[in-house]
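Have a look at the structure first, then read on.

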Amino acid sequence: MNKLQGLKGSIVALVTPFREDGSVNFDQLRQWVEWHIANHTDGILTLGTTGESSTMTHEEDDDTLRCVVETAAGRVPVIAGTGSNSTLTMLEKSQRAQALGADGVLLITPYYNKANNEGMYRHFATVVDQIDIPAILYNVPGRTGCSISVDVVERLSRHPNVAGIKEASGDMSYAMKIAHCISDDFALWSGNDDITLPLLSIGGSGVISVWANIMPQTCHDMVMHYLSGERQAAIDIAVRYLALMNGLFMEVNPIPVKTAMNMMGMNAGTFRMPLCEMSEPHAAALRSLLEEAGLLQ
């Protein structure tokens with residue numbers, strides 16, 4: 001069963017909580033999954049950029065995914081970030097995620113080594129040809145130094161195992177160029193909280209959200225208001241919280257959102273190097289944004 005087909009709303013790009021000794025805090029992780037389900041988060045992405053997966057071992061990846069899958073217990077889809085700049089590593093990670101019960105995988109472009117168009121296509125096709133769960137492509141050139149060309153998106157959108165694309169370039173012109181690929185079998189997801197509504201306006205299904213880590217119900221409501229035709233209500237939410245959405249990127253993600261969660265008493269814990277604490281001026285600015293949003297007393 002393809003649990004990503006027809007999925008709409010807010011998929012949280014879940015933070016990974018760490019203890020003071022740097023180990024994964026599985027007790028906290030389970031609490032967050034329950035909290036997200038109670039607050040109508042529509043899907044959970046674990047082991048993505050926001051989850052600091054690039055600093056985790058394969059064993060930690062497996063244990064974290066197992067924890068999220070077991071806690072969610074089929075109540076919402078669980079997507080695993082399994083990307084790598086090594087195609088074979090991405091395949092191995094995706095196959096493990098499938099074995100551990102993930103409902104889908106998120107596949108990133110081959111950062112650093114990059115690729116020509118044919119290599120880019122084969123990078124994804126190699127994986128989706130050999131797994132039985134759906135995949136979401138991840139286009140984030142600001143992180144990877146390369147983008148999935150429109151031609152390659154068109155080719156991959158026709159693959160039965162490619163369920164959609166997380167578009168995080170922030171380039172609405174690019175989004176418009178791939179919008180014709182949207183179908184019942186290929187969804188467009190915003191990878192930038194601040195332009196969720198513009199992407200919904202061209203047929204998007206929702207957002208894979210950093211902001212949802214701290215305001216899951218509100219993020220869900222914003223998307224669902226828009227999709228149900230209550231567009232002014234959606235706009236009101238987007239405008240009200242735009243400064244906070246942007247504030248969560250005043251330093252490299254996930255430093256600000258994890259800092260915000262700690263300020264809110266959510267016990268997100270420490271960072272994995274090379275990430276470290278926010279600068280004091282940025283932390284003060286973030287605290288002000290949280291106070292303005294009513295998230296701190």
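## The largest cavity

Let's start inside. The lining of the largest cavity has 5 nonpolar, 2 polar and 4 charged residues. Keep in mind that this is a predicted model, so everything here is computed from it.

How big is the largest cavity? Its volume comes out at about 70 Å³. The residues lining it are L47, D61, D62, L65, A80, G81, T82, K93, R96, A97 and L100.

The structure holds 2 cavities of 30 Å³ or more.

## The largest pocket

Now for a space that's open. The largest pocket holds about 560 Å³ of space. It's lined by 28 residues, and T49, S53, S54, I108 and Y111 are the ones nearest its centre.

Which elements give two or more residues to this lining? They are α2 (58–72), α3, β4 (104–108) and α5 (141–144). Sorted by class, the pocket lining has 10 nonpolar, 14 polar and 4 charged residues.

## Helix α3 against helix α4

On to the helices. Two packed helices are described by the angle between their axes and the distance between the axes. For α3 (residues 87–99) and α4 (residues 117–128), the axes come within 9 Å and cross at roughly 25°. That angle makes α3 roughly parallel to α4, and the crossing is right-handed.

On the α3 side, T87, M90, L91 and S94 make the contact, while α4 brings R122, H123, F124, T126 and V127. In terms of class, that's 4 nonpolar, 4 polar and 1 charged residues.

## Helix α4 against helix α6

Helix α4 has another partner here, α6 (residues 150–157), and the two pack at an angle of about 30° with their axes 10 Å apart. So α4 and α6 are roughly parallel to each other. Here too, α4 passes α6 in a right-handed crossing.

Which residues of α4 and α6 make the contact? From α4 there are N117, E118, M120, Y121, F124 and A125, and from α6 there are D151, V152, R155 and L156. They divide into 6 nonpolar, 1 polar and 3 charged.

Note on methods
Residues numbered from 1 in each chain as written. Predicted model: local features only at pLDDT ≥ 70, side-chain atom pairs only at ≥ 80, totals over all residues. Heavy atoms only, no water. Axes fitted to C-alpha atoms, helices over the stretch in contact; angles between N-to-C directions. Helix = DSSP H or I, 4+ residues; strand = E, 2+ residues; numbered from the N terminus. Parallel < 35°, antiparallel > 145°, perpendicular 65-115°, else oblique. Left-handed = near helix turned anticlockwise from the far one by under 90°. Contact = heavy atoms within 4.5 Å. Nonpolar A, V, L, I, M, F, W, Y, C, P; charged D, E, K, R; others polar. 1 Å grid on protein atoms, 1.4 Å probe; cavity = no way out; pocket = protein on both sides within 12 Å on 5 of 7 lines; lining within 4 Å. Points joined across faces, edges and corners; volume = space filled by probe spheres on them.
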